[in-house]
Each structure stands twice: as C-alpha cells, then as structure tokens.
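Hi,

Here is the structure I promised to pass on.

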Amino acid sequence: MYSDRDLEAFSNVKNLMRIMKQYTNYSEHTLDVTINKGESISRREAHRYCYLVKEGYFKISATNEQGEHFLMLMEAGHIIFFPLYYSIVFNDLVATALSEAHCLRIESKFLKKVIALEDPHNHIALRYLTQVSRHFYSSLALITLSSKQRVIYTLIELVDTFGRHTKAREIELPSFVNYETIAEFARCSRSYTISVLTTLRKQHVISSKKSGWIILDEDLLRKEDYGQSNRHV
C-alpha cells in the first residue's frame, strides 16, 4: 500500500521533469505547447503523444455516434493520454481546454522508456491511476443522485478540486465555471441547472458575476449535499 504523500513525493511534476531532463535527448522528444480555450486534442490524432499539463484546465470526454460525453476534469500536474498500456489505446478520448493551457507535449515512447528505467515501483503510473479512479468514482456517484443533487454534488466537486479560498468562508471557482459547464458536468439540462443555482443564489450560498463564481457559504452548500460529501474512499 502507498500513502498519497509517498506517491506525491516521487511522481510530482517537478520530479518527473527533473528525471526526464537527465536524458540528453529530452529536447528531441518534448515540446512546450499552448492550447487555446476551446481547442481540443483527439487521442486518435495525437496517438504518439501525451500532454503534461503545466497550467490550465481540461475536460476529458468520450466520443461516439451520439456525440461527446463528459468523463472528468484535469488540471496542472495531470498527464493527458498517459501511456498506461502498450496494447490498449482509448482512441475515443478527446481533451478540450477550458482555459488557455500550457502543456509539455511528450512522445509516449520516450515517457515509457523513462518510467521503465527510473520508476521500477510504478509510482508515476499509480498516481495517475489514483487521480483517474477518483474522478471516475465521482462520475459513477452521479448516477445514484437526483437532478438537484447532481448539480450540488458537481459544485462541491469543483470546490474540492479547484476552489481557492479568498476569505474565511468564501471560495472562488475557476473562470471556466458557468451555467453551461455545470450543466454538462452534472448531466442536467441548462434550464434546470439555472433553476437550482438561482435558488442557491437567493439563499446566499453562491454568487455568480462576470468576475467569476464564488461560494459564499461552504457549510450551507455541503448541507445541501444530502450526506454525499464523504464520497472518496
């Protein structure tokens, strides 16, 4: 068993960058790239590469004949399209930037080689699997909730993952948070999502302005969560 601290100590971005830069051909297999808000990277088209997120936010979706289906969010420190398997490739995945994002594009073969030589205990892969499993657990939990609960649950997920405390009880959410993104993440219609959020605003639980979304009272928001706050195991 590994603690979060043990995994983080070895597999954090700073340490991974240090390890890769030890290789003289590092610059031949990596490239700093900027991905503008709204631009997407398809796993099928970018099959040779994975992307280490340095700054910014992405949503990961699966595509099929019915369109795109939201799966999870990724932020700085995550690796998009991590080359976990040699024989299984999930070509239906698409990563879309929710803000301007700065990434290190890494050739998958190079990263595999570095991990094989420098990480025999698979700390980096385990950390990736831990991150993804937590996101998928949250996605599965939504299935059991009512529409109202899904909206509130999504808000709390955003608070726990991306929230930034600005005052004693107030939390600022990233700029990509709006009615459309909350509705998509909660798998609810936009009109219903607006109705739930309007009620929360009238109760002085949240504030939505052009400058961004603010959680005014985290305790009240969590009370609306119907006991769903203890969800990560």
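A word on terms before the sheet: two strands pair if DSSP finds at least two bridges between them. Helices (H or I, at least four residues) and strands (E, at least two) are DSSP runs, numbered from the N terminus. Bear in mind that this is a predicted model, where local features need pLDDT of at least 70, side-chain atom pairs count only at pLDDT 80 or more, and totals for chains, interfaces and linings use all residues. Residues are numbered from 1 along each chain as its sequence is written, and side-chain values use heavy atoms, with hydrogens and water left out.

Now the sheet. Four strands make an open sheet in the order β1-β8-β3-β6, with antiparallel pairing. At its edges are β1 (30-35) and β6 (79-80), each of which pairs on one side only. Six bridges join β1 to strand β8 (residues 101-107) in the antiparallel sense; Asp32, for instance, has Leu104 in β8 as its bridge partner.

Helix α4 (residues 108-118) lies across β1, β3 (49-55), β6 and β8, and runs at about 75 degrees to β8. That angle is taken between N-to-C directions on a scale from 0 to 180 degrees, using axes fitted to C-alpha atoms, for helices over the stretch in contact (contact means heavy atoms within 4.5 Å).

There is also a hairpin: β11 and β12 form it with two residues between them. Strand β11 (residues 206-209) and strand β12 (residues 212-215) are antiparallel and share four bridges, and Ser207 is partnered by Ile214 in β12.

On to the aromatic side chains. Rings of Phe, Tyr and Trp (its six-membered ring) pair if their centres lie within 6.5 Å; planes under 30 degrees apart count as stacked, over 60 as edge-to-face and the rest as tilted. How many aromatic pairs does the whole structure hold? The search finds nine. In one of them, Phe70 and Phe185 have ring centres 4.5 Å apart and planes at 35 degrees, so the pair is tilted. It links distant parts of the chain, with Phe70 in strand β5 (residues 67-74) and Phe185 in helix α7 (residues 179-186), 115 residues apart. Tyr57, Phe70, Phe162, Phe176 and Phe185 form one aromatic cluster.

Last, the cysteines: Cys103 counts as buried at 1% relative accessibility, and Cys188 does too at 13%.

Cheers

How values were computed
Buried < 20%, exposed > 50% of the residue type's maximum accessible area, 1.4 Å probe, protein only.
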